[in-house]
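Me: I'm new to this one. Can you walk me through it?

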Amino acid sequence: MATHAPKKVLVSGCFDMLHSGHIAFFQEAASHGDLHVAIGSDQTIFDLKGRPTVNSEEERLFMVGSVSSVTDAFISRGSGMLDFEEEIHELMPDILIVNEDGNTPDKRALAGKLGIEYLILRREPQPGLAARSTTTLRAINTIPYRIDLAGGWLDQPWVSEHYPGYVITISLEPTIEFNERSGMATSTRRTAIKQWGSRLPVDDYEKVAWTLFCCDNPPGTEEISGSQDAIGLVFPGLNRSFYQGEYWPLQIESVHDDAILRFVENSLFLIPLGPRQPDFSVLSGTNITSEGAKALAGATDLCWDAMLARDVRRFGEALRLGFEAQVAMFPNMMNQMMQELIEQYRHRAFGWKVSGAGGGGYLILVSDTPVDNAVRVVVRRKSD
């Protein structure tokens with residue numbers, strides 16, 4: 001009687017601080033065939049996460065290879081999000097499996113190019129066990145991330161001098177470890193960690209944000225990071241900051257109403273794009289005009305009003321208008337891959353934008369229904 005060889009399954013990742021979430025992921029992936037695990041090298045993880053691993057690549061290889069559901073494990077020879085590209089050509093697995101925050105267009109495209117099935121698994125804890133991730137185990141570090149929802153670039157005086165307006169940010173709990181160069185204020189977050197360690201100081205929010213902005217832009221800095229990065233990290237909840245030709249806003253307004261914050265959380269769906277390339281330049285080919293800055297400011301006002309009214313359709317439409325105003329002034333924020341992804345999700349969302357300055361990071365969708373395989377966010381609440 002003829003027998004069929006089991007399928008070959010490939011997964012990739014950091015797998016630092018091995019925990020029950022990793023084991024559950026391995027077990028589910030192994031239910032599809034013989035499981036091969038590509039482990040990111042110490043240098044790759046440092047480049048992507050901006051921090052060293054807790055366990056060296058040799059230790060991680062030993063631990064992952066010792067898991068009973070793993071057939072084989074190896075350190076990937078490449079770098080970046082596709083560090084396993086050389087090995088996938090050699091192995092030619094039947095299935096490439098990722099989880100929701102490891103799902104990127106580049107991985108999907110690579111699998112499609114090679115005729116390999118691409119499967120996305122949800123992060124589901126083993127029944128009876130708490131949900132785990134490396135980030136939660138590193139929860140000694142509670143420094144938040146931030147999303148700039150609308151108005152980004154108006155925090156630069158050479159934009160708001162053309163027309164003043166608000167920048168809207170939300171502060172996020174570090175429920176996952178967002179990649180470096182992903183438009184989530186990771187470089188400013190690293191500055192905060194160097195300055196204060198694992199927690200923001202308990203003090204006046206504006207004083208702390210100003211201190212962080214100054215540390216992030218010491219004297220002699222040629223390209224000043226906008227202060228919305230520091231404000232978005234430090235001020236909890238939903239915030240808007242009004243800029244008029246200066247690096248620091250004239251006014252900061254905060255919303256802590258839990259119904260509004262839950263509305264924002266429930267409306268946002270993040271699709272990973274992978275980090276920006278190191279040679280990405282958003283400032284080339286810009287077309288900054290009074291009309292462009294006014295359009296961006298107007299869309300930002302509509303976005304704010306829609307969130308306070310908890311109107312998801314208006315929220316999405318305003319977000320899209322704001323993004324289009326950004327791209328009109330900074331064309332390099334958009335690329336072909338993002339355009340194709342927007343077309344893929346256009347019918348499922350009321351609006352979209354990319355995180356930060358574009359070129360990578362996350363495609364942020366606004367929808368009233370769940371979007372498959374999207375990353376969700378938790379807004380950081382104000383402590384009593």
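Predicted model: local features only at pLDDT ≥ 70, side-chain atom pairs only at ≥ 80, totals over all residues.

Me: Rings, then. How many aromatic pairs does the structure hold?

Reply: There are 14 aromatic pairs. Rings of Phe, Tyr and Trp (its six-membered ring) pair if their centres lie within 6.5 Å; planes under 30 degrees apart are stacked, over 60 edge-to-face, the rest tilted. Phe25 and Phe26 form a tilted pair, 6.3 Å centre to centre with 40 degrees between the planes.

Me: Are Phe25 and Phe26 buried or exposed?

Reply: Both Phe25 and Phe26 are buried. Buried means under 20% relative accessible area, exposed over 50%, partly exposed in between (1.4 Å probe, protein chains only).

Me: Which pair links distant parts of the chain?

Reply: Tyr166 and Phe242, an edge-to-face pair at 5.0 Å centre to centre and 65 degrees between the planes. Tyr166 is in strand 7 (residues 165-172) and Phe242 in strand 8 (residues 238-243), 76 residues apart. Helices (H or I, at least four residues) and strands (E, at least two) are DSSP runs, numbered from the N terminus.

Me: Why does Tyr166 count as buried?

Reply: Because its relative accessibility is 13%.

Me: What sits over the ring of Tyr166?

Reply: The charged end of Arg240, 4.0 Å from the ring centre. That label needs NZ of Lys or CZ of Arg within 6 Å of the ring centre and within 35 degrees of the ring normal. Arg189 sits likewise over Tyr145, at 4.1 Å.

Me: New topic. Where is Ser355?

Reply: Ser355 is in the loop between strand 11 (351-354) and strand 12 (361-366). Ser355 is buried, with a relative accessible area of 0%.

Me: What does Ser355 touch?

Reply: Not counting residues up to four places away in sequence, its contacts include Asp148, Ser182, Met184 and Tyr362. Contact means heavy atoms within 4.5 Å.

Me: And the second largest pocket: which residues lie nearest its centre?

Reply: Ser187, Ser225, Asp229, Arg276 and Ala357, out of 37 lining residues. A pocket is an open set of points on a 1 Å grid over the protein atoms alone, where a 1.4 Å probe fits, with protein on both sides within 12 Å along at least five of seven lines; lining residues have an atom within 4 Å of a point.

Me: Which helix gives the most to that lining?

Reply: Helix 8, with three residues.

Notes:
Residues numbered from 1 in each chain as written. Heavy atoms only, no water.
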